[in-house]
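Q: I would like to learn how to read the core, a helix and a strand pair in a model. Can we take them in turn?

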Amino acid sequence: MASNSPAPVFSGFASRHLGPRDKDVTTMLGKIGASSLDELISQTIPSNIRLKKPLNLPDGLSEHEYLKELKRTASGNKIFRSYIGLGYYNCIIPPVIQRNVLENPGWYTAYTPYQAEIAQGRLEALLNFQTMVIDLTGLPIANASLLDEATAAAEAMILFYNARPKSKSSAKTFFVSEKCFLQTIDVVKTRAIPLGIEVMVGNHSEPRTPDSVFGALIQYPDINGNIADYKDFVSKMHAANVFVAVATDLMALTLLTPPGEWGADVALGNSQRFGVPMGYGGPHAAFFATKEDFKRSLPGRIIGVSVDSSGNPALRMALQTREQHIRREKATSNICTAQALLAIMASMYGVYHGPRGLKAIAEKIHHLACGIAEQLAKLGIQNENKIFFDTISVVIADKILIQKIKTISQNKQINFRYSENIISISIDETSTGKDAKEIVEVFAEALGKNVSVLSLNGETNKSVIKISAFNRQSAYMMHPVFNTYHSETEMMRYLKRLENKDLSLTHSMISLGSCTMKLNAVAELYPITWPEFANIHPFVPMDQAEGYKMVISELEKFLCEITGFSAVSFQPNSGAQGEYAGLLVIRAYHQNKGDTHRKVVLIPSSAHGTNPASAAMAGMDIVIVKCDTNGNVDVNDLKEKAEKHKANLSCLMVTYPSTHGVFEEGITEITNIVHQNGGQVYMDGANMNAQVGLTSPATIGADVCHLNLHKTFAIPHGGGGPGMGPIGVASHLASFLPSHPVVDINHQPSTIKPVSAVSASPFSSALILLISYGYIKMLGKQGLTDATRYAILNANYMKEVLKKHYPVLYVGKNGRVAHEMILDCVELKRTSGVEAGDIAKRLMDYGFHAPTVSFPVHDSLMIEPTESESLEELDKFCEAMISIRKEIEEITAPPPPKGGNTGAGTESPLRGVGGASDNVLKNSPHTAKVLISDEWKHSYSREKAAYPLKWVRENKFWPSVGRIDNAYGDRNLICTCPSIENYLPSTRMDVNEK
């Protein structure tokens, strides 16, 4: 275990990652009242669950050593020209976007924009994304992204299921076209089974609309690239009260009639080809657009336009109360975070290219595909698709010829898609005339024909779309934001202007409890832009992804050692998806034993909303377990309910340390009770940052847990995604981990049926696994353990500093907290009218993001400092909180004596905030515009509003808007860019060419 010295000396990467310096540790321990870090940890974590030996992991590497080693590993990936398609395509990331967004900590270290006043930049970027999706799909409402195309399709199915009209109340069948992507069909089936929905896969051209059908899914263009006329199909479905979802391609929609114009109820897909690398499957932002009818049940987040306290336009997450995970066990979706950073990249791709640029890219792709089809026809090989965008599919009955083509193409480092007797070729933005020529030559060589193929330049006027009924007539992306920033200079400044509106880790600590906003080190992120990792299609032959295989295999071993489990699945692409996948694994385990009736899940009342939401999605019967007055699981209530439901008990979902920030002493008793009654234990890994190297899920008695790699293992939050939620399982559950329909990733005995796919790609967001891999490789066994120790140290130090000013709600038996704490604001609200939300807004004036507000306890603030913050930064935050406490006291203080100084520029010590309505908290945050206004009617000074402490002057962060009116935004829902009339007439605009 770690040294007994109070102030261990760090070297290498650990010294870069950990915040407090050696001398600071001694100071902090003195404040806490512990003689050493070891004593603090012993007082915090129950001795019966402490690990008996250090982690069996390698020593940490320096940044240079790690990157050098990883470069060798990367060489195991072979960068072929992949024309596999299936929703994944090579693309060109505009360098101005790569450098200024993807590689910019101002964008990737920000949090989900719950505090909208200091998130206006990314909110605008996400509003651009919604607007672009709305325009291209032809539907009026879109959300700010989902996880991937396959899960978006499953969300559409469940949306339709819950929106069934009364005439369809007994309908339980969802029709899926056999021409949809294989991974989409599999994920839809996965989601359907626990809910009792039957998936009917069939031919859309032979529609059957029995009363049992409530919804349908079609692909446009389809899996083989064909563009079918779905108008009659949609009409027939609607006539039978059946909703229709269309999985589609944004690039294709720049040329094709959009689904919204021929009756689709939902359009969805993957925005990856809009400037986001394939990354062996992700992360990518799915899009989801609907008719107005679904706006209050739409999964995910919607960015909307509202006004601030001065009446100026301001953006926020609209209709937040309809976010499904907030509804807990009544939820119809467990979506929490999504893919904000990737949606921002895709939106900026649209902004940079504009409608003309996008159309030009699409036409180049289409013309190259047309040229290849024409040349293949001359060889006697006919494209099966009469109308197509980017994909040619040829039927070849001769299996020997197919194998010849495959051998020749792979020798030329070319990948096609092979499906029985069909070969498909999907062209992308990076394809050139030379590439097209080589594709044709592969077939010519296989046929033994000595032909000379002219280079295809993609500038042919031949377009099968342009002369068809599918040719798009409607304009799109006419808003000025898509028609202004087309030079790199203008784009760079636009991105910087948005970035400057947002507070991120580049400004100050973000102390959000249960979110673990730690350092996202550059050395961890640097490799994600290496072509060897970024440009690999998720469905390439396994021998072309040996580098990924090595990273994933080694990362699995590391996580198994850290958790004490036997196997890990990397398929879940968010924490909530990890919860869902873990519950499905438990479900499959029970079913395999013949216990199909075991559906009861016990969930503590303090659990995050995604726990009951995920359980609802998994078809579980949810029973809530009480918490006691100390915030711990009420063991007696748990025991009573576990015994009551013994015959049907599936599992317990428990967070450890608890959601209240305490290591519960009775955790092993809790897990034993569940096991004794036939259940499994699911541990929510949200608080894993307090466990690594000191205890483990397996040690406390868990059977499965998900790991938030975007918390504990350093993947950045990206302003609301990406995240990853891989699940670790004990040996008896390993055979049930999710499979995949395209890539064989399980190799399990045929007697065991694993869970079907939960995400579109086999390893979900594989590209960002490199970040967590680097985090572990560079910290090593001692650094990982010390990261946990320092997270606990920082939290307990802040508790000691703040406890005299704010009541700390929950502590362990020795008066310690884990890695986070909850400050109680109930009494403040009662005596002064100041709420936790007011403190959150006032912190913006001090240059800080708020802690987590009113979760898991109403009228509270949950603070998690992480191990990466220095003593200086912790002290600044505490000083700000103490200063705000004094400001609150001023509200209830007696008024100044008559004749006291009441000048606008000065103030008495007791008139800092001027009463319950006009005070620095209720009026916060204060913008520069308000501060420099000629009119100042407040009883406190401008200086107090803007510079409440001396050090704020040195690095002032200005919120770009005042407090936002949430109710106004919900009453007047606008989820697209403000109308053109709101802009100056001189704004430049491009016009779509017909």
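The dialogue below goes through these features in a predicted model.

Q: Which residues have the most contacts inside the largest nonpolar core?

A: In soluble globular proteins, nonpolar side chains tend to be buried together. Here the largest nonpolar core has 327 residues, and those with the most contacts inside it are Met348, Phe416, Phe443, Leu559, Ile562 and Ile839. Helix H12, residues 340–378, gives the most to this core, with 21 residues. Apart from it lies another core, of nine residues, including Leu503, Cys515, Met517 and Phe957.

Q: What is phenylalanine 443 in contact with, leaving aside its neighbours within four places in sequence?

A: Phe443 touches Leu376, Leu379, Ile381, Val394, Ile396, Ile405, Phe416, Ile423 and Ile425.

Q: How many residues of H8 are buried?

A: Of the 14 residues in H8, 13 are buried, and the helix is mostly covered. H8 spans residues 149–162 and reaches 20 Å from its first C-alpha to its last, close to the 20 Å expected at 1.5 Å a residue. At its start, a side-chain oxygen of aspartate 148 comes to within 3.2 Å of the backbone nitrogen of alanine 150.

Q: Why is strand S11 described as largely enclosed by the rest of the structure?

A: In a regular strand the side chains alternate between the two faces of the sheet. S11, residues 391–395, is largely enclosed because four of its five residues are buried.

Q: Which strand is joined to S11, and by how many bridges?

A: Five bridges join S11 to S14, residues 422–426, and the two strands run antiparallel. Valine 395 has isoleucine 422 of S14 as its bridge partner.

Terms used: Residues are numbered from 1 along each chain as its sequence is written. This is a predicted model: local features need pLDDT of at least 70, side-chain atom pairs count only at pLDDT 80 or more; totals for chains, interfaces and linings use all residues. Side-chain values use heavy atoms; hydrogens and water are left out. A nonpolar core is a set of buried Ala, Val, Leu, Ile, Met, Phe, Trp, Tyr and Cys residues joined through side-chain atoms within 4.5 Å. Buried means under 20% relative accessible area, exposed over 50%, partly exposed in between (1.4 Å probe, protein chains only). Contact means heavy atoms within 4.5 Å. The expected span of a helix is 1.5 Å times one less than its number of residues. A polar contact is a pair of N or O atoms within 3.5 Å; within protein, one must be able to donate a hydrogen and the other to accept it, and residues adjacent in sequence count only if both atoms are side-chain atoms. Two strands pair if DSSP finds at least two bridges between them.
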